[in-house]
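This report looks at the surroundings of the ligands and at selected helices. The sequence and structure come before the discussion.

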Amino acid sequence: MDLLVVGSGLFGLTIAERAADAGRDVVIIDRRDHLGGNAYSEADPDTGIEVHRYGAHLFHTSNPTVWEYVNRFTAFTDYVHRVYTTHGGVVYPLPINLGTINQFFSSARTPDQARALVREQAGEFDPRTARSLEERGIGLIGRPLYEAFIRDYTAKQWQTDPRELPAEVISRLPVRYTYDNRYFNDTWEGLPVEGYTAWLERMADHPRIEVRLETDFFDETQPLNRRDTVGQVPIVYTGPVDRYFDYAEGELGWRTLDFEREVLPVGDFQGTSVMNYADADVPYTRIHEFRHFHPERADRYPSDRTVVMREYSRFAERDDEPYYPVGTPADRARLLAYRDLSAGEPGVHFGGRLGTYQYLDMHMAIGSALSMWRNDLAA
Ligand code: FAD
Ligand code: UDP
């Protein structure tokens, strides 16, 4: 073995694939019973509808290197992601666009008139210098729209004072003064034609790659654990960085999600793939309806049943799956301490969403793995 990769998510798979292609023998371990990390999907046993077990995953990127790379393993459908939100019993389009603004204010404003209105309502904060999610949110869309569509959804998603949350979290969502309601601004987007798992398995399908599942790096009763490997073989570690150091600098804040999956006896439950729930009186943040991710499979999916998944968010305890880094000022201070520790760890490279405590999308995880391979490992 020339390289040990801990974690078979897209970061670990990208490193492993590049290393194997360069003639290295790689072992990937993962504590789960499947590869692919959070991008993993499976066919629902009752309906055959592809379900993203860890929450809906939409691939999008503007990075030509990443786009070329992922297309080596899968083709993508022409799916374009659109999200709607329910507020006060009424459905509005997201991200906030001219349609949302005119519907919310029962008006027929032009782009310039809508800009002028928002400017008037957003005067409290300048989004360019905003220090928190709340300041950036109000600065971008004004207080009435912020309170309707962002405040309570964010409270459910993060249960953290929006004045403590990083401004970047809200910068993920564009604001548009046209009727364009594409959720993402990226050049390319789509879903893997044969599903996520076929894509992820193809990345690991190389004679120089061995995948060992149900193998926890911290379980000293199993081979390839931390004690027996660190300093002996180069390691790429993509699990939580605080766990690696036994929480020596304190626990980093993570959000986890609970998913409630249900097969309903109707052909179409909500008419779209993702419906957000903006209000505090609905306990979940959103409902996914998986059939809508693949309209091209309509003849293969049943017409009288559908799979939906309600998503609930809460703080992660140590035994929960950590999904979203919270990133309060206290977390960021701890992260700096963990970065110092990471730099001193012999032959261990920390990567991915958990290993760097960053809110990475798939294309960002792949892009940063390609950079790590090129800059730190290839030679
Ligand atoms: P992960 O996929 O988390 O993989 C890490 C792996 O490490 C896991 O398989 C885990 O089991 C393993 N591991 C951890 N600890 C150990 C250990 N001790 N021993 C062995 N193995 C270990 N991105 C998008 O581009 N679009 C989306 O729509 C999107 N939606 C998302 C929705 C949710 C709910 C979440 C959580 C993420 C979403 N993402 C999305 C992000 C996407 O999942 C990540 O970018 C991608 O999974 C990052 O891959 P990764 O390899 O860093 O981490
Ligand atoms: N957000 C919101 N209302 C919405 C959708 C998003 O307030 O209807 C905010 C919320 O704080 C969320 C952030 O914008 O965490 C990013 O949203 P996105 O849909 O990109 O999050 P993800 O899909 O990663 O959960």
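How do the residues of the shell around ligand 1 divide into nonpolar, polar and charged? In this predicted model, 17 of them are nonpolar, twelve are polar and six are charged. The shell holds 35 residues, and those that come nearest to the ligand are Gly7, Gly9, Gly37, Gly239 and Gly352. Two or more residues each are given to it by helix 1 (10-21), helix 12 (352-356) and helix 13 (362-377).

Around ligand 2 there are 13 residues, of which Ile150, Tyr153, Thr154, Arg172 and Asn276 come nearest. Helix 6 (143-158) and helix 7 (168-171) are the elements that give two or more residues to this shell. Helix 6 supplies the largest share, five residues.

The make-up of each shell is tabulated below.

| Shell | Nonpolar | Polar | Charged |
|---|---|---|---|
| Ligand 2 | eight residues | four residues | one residue |

Helix 13, one of the elements around ligand 1, has 16 residues, which at 1.5 Å a residue should span 22 Å; its end C-alpha atoms are 21 Å apart, so the two values agree. Its buried residues are Met362, His363, Ala365, Ile366, Ala369, Met372 and Trp373. Their cover includes helix 1, strand 5 (59-61), helix 2 (64-70), strand 16 (348-350) and helix 12.

Ala343 belongs to helix 11 (residues 329-343). Ala343 counts as exposed because it has 9 C-beta neighbours inside 10 Å. Its C-alpha atom is separated by 22 Å from that of Trp254, 89 residues apart along the chain.

Note on methods:
Residues are numbered from 1 along each chain as its sequence is written. Chains are lettered from A and ligands numbered from 1 in the order in which they are written. This is a predicted model: local features need pLDDT of at least 70, side-chain atom pairs count only at pLDDT 80 or more; totals for chains, interfaces and linings use all residues. A residue is near a molecule or strand if its C-beta atom, placed from the backbone, lies within 6 Å of it. Helices (H or I, at least four residues) and strands (E, at least two) are DSSP runs, numbered from the N terminus. Ala, Val, Leu, Ile, Met, Phe, Trp, Tyr, Cys and Pro count as nonpolar, Asp, Glu, Lys and Arg as charged, and the others, Gly among them, as polar. The expected span of a helix is 1.5 Å times one less than its number of residues. A residue is buried if 20 or more other C-beta atoms lie within 10 Å of its own, exposed if 12 or fewer, and partly exposed in between; C-beta atoms are placed from the backbone. Two residues are in contact if their C-beta atoms, placed from the backbone, lie within 7 Å.
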